[in-house]
Amino acid sequence: MIWHIAKRELSNNLNSLRFALATVLLLGLMLTNAIVHLREHPERVQRYRERVSGHQNHITAHASNGLYDLAQEGPGNLYKKPSDLRFCAEGGETFMSDRAQAGYHRWSTDTLKSFWILAYPSATPNRDNVRPEVTKVDWGFIIGYVLSLVALLFTFDSISGERERGTLRLTLSNAIPRHTVLIGKFLGAFISVSIPFILAVLVNLLVISTSSGVHLDAEAWGRLGIIFFVAVLYTCLFLALGMLVSARVQRSAVSLVILLLVWVVLVVFMPSTLASIAGRSTSSGPTYDFSERSWKLHEELSSDYYSRHYKEPEGSTKRIEIDGAYVTKDAEQQEQLHAERLNRRIAEVNRARAITRISPVTIVQNLLESFAGTGFERHLQFLENVQTYVREFRTFIIDTDDADSESLHIFGVRTGMSQKPVNPDAVPKFEDTLNLSQDFDTAATELLLLTLFVLVLLSGAYLAFVRVEV
Amino acid sequence: MLMTLIRRELLDNLMTFRFAAAVFITLLLVVANTVVLLKDYEQRLTAYNTATQESHQELREQKVYSRYAMDLIVHRPPNPLSIFNLGLDKQVGNEIAVYHAFVPTVWDAVKHGANNPFLNLFTSIDIVLVFQGVLSLLALIFAYDALAGERERGTLRLVLTHPIQRGYILFAKYISAMLCLLVPLLISLLLSIILLTISTTISLSADDFLRIGGIVLTSLLYVSLFYLIGMCISALTRRTSTALMLCMFVWGVLVLVYPNLILTAVDIVPQPNTQISAYHQIKQMWEELNREKKQFLRNDTVLGPLSRDGESWGFRLKGSEYSFLRDADKPSTLLYFYQSGFYAGKIKAESEPHVSLVQNYYGFYNRETVNTVERTWLVRKPALEVIYVQPANLGRMLLRFSPVGLYDAATEAWAGTDLEGIQDFFSTVQRYRRAVVDYFYDEKIFESRQWFAADEGTADWDALPQFSFQRSDTGINAKRALPDMLLLLTMNVILFTVIVLIFIKSEV
């Protein structure tokens, strides 16, 4: 019986104007998305490859100059691997730097050079840019905004419309339980929305996967599957909302008006208003503080150093030790400062993100981002990869120095470190990776929250429909 | 008769659920956002005040004129009307150095104050954005059943039995719906203005109220356009639910899809050739200056041997304490310059004979620098125009195909947060730089001892021309907003005519 009702709904919808409009709209958006991705992505991948080989050359070049040079220069810039699924969620990638600077130098004197530290440059894409700003048309936009609107347009009259026409009374006069009618209608609406969406997704993926410039591997397809599942869940949320309001309201036009106002508040305004509130409530100190503190720390250290440095005779081991301690201590302090600033910033963003999570559209966009391998979570993963690599690199330097028995084992000064040539192939190189299992951990709560939303709305729709008088 | 019709429509509209919902939602969104925006503005203002004060103090700590580049910094105050339309006010830099070695532009400015670059991840919102989304939606919700609804209920037939022209009926419907839509618009604006006036940090001048008036007028045109679009759909369709659904698709396309789609699809990239060739030209001019400088030093029999590879570095004057470099090399914004200088606390007697020669050298070098900058500016200005301004204008042009783009552009112009409004500030800074350079010429500071030495009198910063910035006249704002407003008005008139034509011909 459920299927019977669903089929009736489906055939009703397929002939309607809204079905045609939704199909055209979704197809157009998905096609644009695919074309834009094909235009931009190969270039991005190419640039990344060039940068990775640049990083490797940098290491090889410095390794051949000896251990001190390698330890002083550092591994150079470390780059973030662009995700192949960026078309699914742009994730504000342009607002996050695509590199970490593992070779940030600050000063040099006649005899000493500062050791490298790990710094995190910030991306300022729009400071030079005076263009009007818009949301990128990615899957996140298409699903979050357009598909949810379409879902409402398909369900606003599912019950109130039948009541207006009087056919609801007719249906219920048969010996069908109400929940069967509701489920049948839900399925019918679900399939009618899915058809244009699936069509558009297929066209999008067809265009992207058949092109030679972009390659999607098995894992990417798995991620796409999960993203599709999230989209389906999200659509169900709005279908349930539509049915709930439709069951409670007498006239279908009123039902649509209510739904639209709810939609505008929930989808269009809540994320940005919440974000503004969250962004304002957390404010970091001015940037002056940072450079001032950095300068002060360095100043204190160096005045202490100069007072001790000249007491020791030139060339003595004691003097080399003081030199080395100065350089390494300075690098340590400064890196600590950079790490602290980064952590403060991350904590702020995390607080802000927690607030915006009330809106379902933000949840979906977060989910899409984490499965597409873009966005803030991905950036944190990249930073973690960088930090792991940096530890590895430093351990390698220490181990290599330890292995040389002639070395004085004093870091920071050329004469204090191993003079033997370094095998460039043995030096660890940085390769950024995307890890699905890690993504899933961060996404699990959001997925649960979304499911909860759907269940609450569905049961609400059921209760409303059971109690409704025809 | 017209009055009766208007009264009937008005009563019809005022008593509906949608009217209550419209007022409630607009009020909620506008007030909530005003509070947030106000707080944000206050923060930016505090940051501006602190930064201005700090720059003022730091400049006064400098004893010689040649160091002024590091600390003669001017700041762009936040625009109080950015609460209505944020525009570029927060996006572009707000701190710029004034120096004779380059002409300051919006692309050379940096951002001061509290900053966490990650917070850019969150989209920002302003009152015009709320109106853009909500008022257009409300206008459509008010319009969808204007004709289709009466036709469904059969009341249209009844009204038309009276000897009234059909145009009058349309007009009455239009006027009453617009009156209803004005209520949420005006009440919410009034509340936000009250919030603004209560706040102590923000001070609105009479001109600002005129500008807000301009924004209200533009909003009215925008709302009316959407109402007419809805009415047009209503005149064309038989059933109200079809009309409403069509309205929603049109709204989705115009407000949500088109602006984002068009700018994603159309890739506006300036030719990189312009940038590269202009950059090289500018660099060559500076290299030429460098050659001239070296030539000058070679010809000088005393200073020449004192300079290291044609670079001044203090000319080994006894008493010179440190030398410094001020340079920039940013190919993306075509900024290139290079200046070196030194600081001497107390010049010893044995070097005294050289001082006048050094003064002479700086007189020559600074003059040549200013001339070189003038020449590079002739290259840089048009190139920046091609690289940044033209693509931005093209993008705005494309957005104008949707009423949303017109509305945004016009309100930005009123608020003064559009590109031209921002450029106003930077032209003021450019004029100020000119005034400072002229002052240095007039007072012979470029060739003075205080340029590098602090022993015979130090730099007198208070005598320097003071920087002040006034936002442009309301007249200029109006002039910039007018084309877009006229376009909106024309679209209104055309749509109304179309509706009248459709309605007159339609059968009831």
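B:Lys444 sits in the loop between α14 (419–442) and α15 (474–505) of chain B. Helices here are DSSP runs (H or I, at least four residues) and strands are too (E, at least two), numbered from the N terminus. This lysine has a positive phi of about 55° although it is not a glycine. Is B:Lys444 buried or exposed? B:Lys444 is exposed, because 11 other C-beta atoms lie within 10 Å. The cut-offs go like this: a residue is buried if 20 or more other C-beta atoms lie within 10 Å of its own, exposed if 12 or fewer, and partly exposed in between, with C-beta atoms placed from the backbone.

A quick word on what you're looking at: this is a predicted model, where local features need pLDDT of at least 70 and side-chain atom pairs count only at pLDDT 80 or more, while totals for chains, interfaces and linings use all residues. Residues are numbered from 1 along each chain as its sequence is written, and chains are lettered from A and ligands numbered from 1 in the order in which they are written.

**More of chain B**

Next up is B:Thr474, which lies in helix α15 of chain B. B:Thr474 has 19 other C-beta atoms within 10 Å, so it is partly exposed. Leaving aside neighbours within four places in sequence, B:Thr474 is in contact with B:Asp207, B:Leu210 and B:Arg211; contact means that the C-beta atoms of two residues, placed from the backbone, lie within 7 Å. B:Ala206 is 268 residues away from B:Thr474 along the chain, yet their C-alpha atoms are separated by 9.9 Å.

Now for some strands. β3(B) (residues 320–330) and β4(B) (residues 335–344) run antiparallel and are joined by ten bridges. Two strands pair if DSSP finds at least two bridges between them. How many of the eleven residues of β3(B) are buried? The number is one, so β3(B) lies largely in the open.

**Helices that pack**

Two packed helices are described by the angle between their axes and the distance between the axes. The axes are lines fitted to C-alpha atoms, for helices over the stretch in contact, and angles run from 0 to 180 degrees between N-to-C directions.

| Helix pair | Angle | Axis distance |
|---|---|---|
| α2(A) and α9(B) | about 5° | 11 Å |
| α9(B) and α13(B) | about 85° | 8 Å |

Angles under 35 degrees count as roughly parallel, over 145 as roughly antiparallel, 65 to 115 as roughly perpendicular and the rest as oblique. That is why α2(A) and α9(B) are called roughly parallel to each other, while α9(B) is roughly perpendicular to α13(B).

Where α9(B) meets α13(B), B:Leu254, B:Val255 and B:Pro259 come from α9(B), and B:Pro403, B:Val404 and B:Gly405 come from α13(B). By class, that's five nonpolar, one polar and no charged residues. For those classes, Ala, Val, Leu, Ile, Met, Phe, Trp, Tyr, Cys and Pro count as nonpolar, Asp, Glu, Lys and Arg as charged, and the others, Gly among them, as polar.

The α2(A) side of the other pair includes A:Leu17, A:Arg18 and A:Leu21, and the α9(B) side includes B:Thr242, B:Met245 and B:Phe249. Its class count is ten nonpolar, three polar and one charged residues.

**Where the two chains touch**

Zooming out, 60 residues of chain A are in contact with 64 residues of chain B. On chain A's side, α2, α4, α9 and α11 each supply at least two residues. Which helix gives the largest share of that side? α9(A) does, with 19 residues. By class, the side of chain A that touches chain B has 34 nonpolar, 16 polar and ten charged residues.

**Chain A as a whole**

Chain A has 14 helices and three strands. Its radius of gyration, taken over C-alpha atoms, is 30 Å, well over the 23 Å that the globule rule (2.2 Å times the number of residues to the power 0.38) gives for 470 residues, so chain A is more spread out than a compact globule. Its C-alpha atoms fill a box of roughly 105 × 45 × 40 Å, taken along the principal axes. Buried residues make up 42% of the 470 residues in chain A.

A:Met1 and A:Glu312 are 96 Å apart in space, C-alpha to C-alpha.
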